[in-house]
Every structure is written in C-alpha cells, then in structure tokens.
Amino acid sequence: MGTFAFTACSEKTGNNAEQTAESAGDDMERNMDNADATWESERDETRNEINRTIGDIDREIEETDRNMEKATASEKAQWRERKRRLENERSDLNKTLDRIGQETKETWQDFKKGVNNTMDDIRRELDDDNNNNNRNNRK
C-alpha cells in the first residue's frame with residue numbers, strides 16, 4: 001500500500017509540475033506578446049510625434065519665408081540662417097523616420113531616448129525663436 005501511495009503522489013506531483021510549467025510557458029508567451037504590442041505602439045507613437053514636429057517645422061519655414069519677403073537686407077540674412085537650420089532639422093527627422101523601421105526591440109530604448117532628446121531640443125529652439133520673433137515684432 002505504501003508503494004501505491006508513493007506512486008500516486010509522484011504521479012500527481014509530476015502532473016502538477018507539468019501544469020505549472022505549461023502555465024509558466026503560457027504566461028511567458030503572453031508577456032512576450034504584450035512586450036511586442038507595447039514596442040509597436042511606442043514605435044507608432046514616436047513616428048506620429050516626429051511627423052507632427054516635421055509639420056511644425058514646415059509651418060515655421062513658411063513663416064520664415066513670409067518674414068524674409070518684408071525684411072531688410074541684414075534681417076534677410078538672419079531669416080535665411082533660421083530657414084537653413086529648420087531645413088536641416090527637418091532632414092534629420094526624416095532620416096530618423098527612416099531608421100524607426102530598422103530598430104529592434106533590443107535597440108529601441110536607446111533609440112527612443114535619443115529621439116526624445118532631439119525632439120525636446122527642436123521644440124525648445126522653436127519656442128525660443130518664436131519668443132524672440134514676438135519680442136522683435138513688438139519693438
């Protein structure tokens with residue numbers, strides 16, 4: 001009888017271990033699927049933010065062109081420089097958009113951090129330029 005109890009207990013323990021392993025495998029697969037969805041969502045969100053910023057830059061370039069039309073010769077040089085900077089930033093962002101599809105899950109966090117820093121710098125520059133232009137227009 002003791003052998004039967006031990007065998008039955010061993011079989012039950014073996015079944016529990018098997019079920020636990022299957023459950024852990026299922027959990028791991030679900031976690032990987034969630035990580036994939038999160039990564040893809042972040043990638044889409046980053047792509048959208050870059051496109052919005054490119055749109056903002058395009059509007060700033062149009063505004064710069066309008067300001068150049070009515071500027072003095074010395075002011076035109078400043079507006080041309082601003083336009084050149086904006087066009088370079090737009091070009092860099094377009095290159096970044098091209099790279100998004102090449103990034104892997106392993107490199108994503110570093111890439112995203114770099115993109116966020118670049119976007120912060122561009123936003124700050126656009127805000128500073130707009131504030132300076134508003135001050136100059138009031139004079």
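Start by selecting Ile-57. Setting aside residues within four places in sequence, Ile-57 is in contact (heavy atoms within 4.5 Å) with Leu-86, Glu-89, Arg-90, Leu-93, Ile-122 and Leu-126.

A quick word on what you're looking at: this is a predicted model, where local features need pLDDT of at least 70, side-chain atom pairs count only at pLDDT 80 or more, and totals for chains, interfaces and linings use all residues. Numbering runs from 1 along each chain as its sequence is written, and side-chain values use heavy atoms, with hydrogens and water left out.

**Zoom out**

Colour by secondary structure and you'll find three helices and zero strands in the protein chain, in the order α-α-α along the sequence. Helices here are DSSP runs of H or I with at least four residues, strands are runs of E with at least two, and both are numbered from the N terminus. Of the contacts in the protein chain with a separation of 6 or more, 77% are between residues 24 or more positions apart.

Now try a surface. The accessible surface of the protein chain is about 10,100 Å², and carbon and sulfur atoms hold 46% of that; the areas come from the Shrake-Rupley method with a 1.4 Å probe, and for residues only the protein chains shown count as cover. Of the 139 residues, 23% count as buried. Buried means under 20% relative accessible area, exposed means over 50%, and partly exposed is in between (1.4 Å probe, protein chains only).

**Into the core**

Which residues have the most contacts inside the largest nonpolar core? Select Ile-50, Ile-57 and Leu-93: they are the ones, in a core of 15 residues. H1, helix H2 (73–100) and H3 each give two or more residues to this core, and H3 gives the most, with six. A nonpolar core is a set of buried Ala, Val, Leu, Ile, Met, Phe, Trp, Tyr and Cys residues joined through side-chain atoms within 4.5 Å.

Next, pick Leu-126 in helix H3. Leu-126 is buried, at 5% relative accessible area. Beyond four places in sequence, Leu-126 touches Asp-56, Ile-57, Glu-60, Arg-82 and Leu-86. Draw a C-alpha to C-alpha distance from Leu-126 to Asp-56: 8.7 Å in space, for 70 residues in sequence.

**Along H1**

Go to Thr-64, in helix H1 (residues 2–69). Is Thr-64 buried or exposed? Buried, with a relative accessible area of 0%. A polar atom of the Thr-64 side chain lies 2.8 Å from the backbone oxygen of Glu-60. Past its neighbours within four places, Thr-64 is in contact with Trp-79, Arg-82, Lys-83 and Leu-86.

Glu-62 is in helix H1 too, but Glu-62 counts as partly exposed, at 45% relative accessibility. Its C-alpha is 9.0 Å from that of Lys-83, 21 residues apart along the chain.

**Last stop: the rings**

Show Trp-39 and Arg-43. The charged end of Arg-43 sits over the Trp-39 ring, 4.3 Å from its centre; the rule asks for NZ of Lys or CZ of Arg within 6 Å of the ring centre and within 35 degrees of the ring normal.

Then select Trp-108 and Phe-111. They form a tilted aromatic pair, 5.6 Å centre to centre with 40° between the planes. Rings of Phe, Tyr and Trp (its six-membered ring) pair if their centres lie within 6.5 Å, with planes under 30 degrees apart stacked, over 60 edge-to-face and the rest tilted. Trp-108 and Phe-111 are three residues apart in helix H3 (residues 105–138), so about one helical turn separates them. Both Trp-108 and Phe-111 are buried.

Methods:
Polar contact = N/O pair within 3.5 Å; in protein donor to acceptor, adjacent residues only side chain to side chain.
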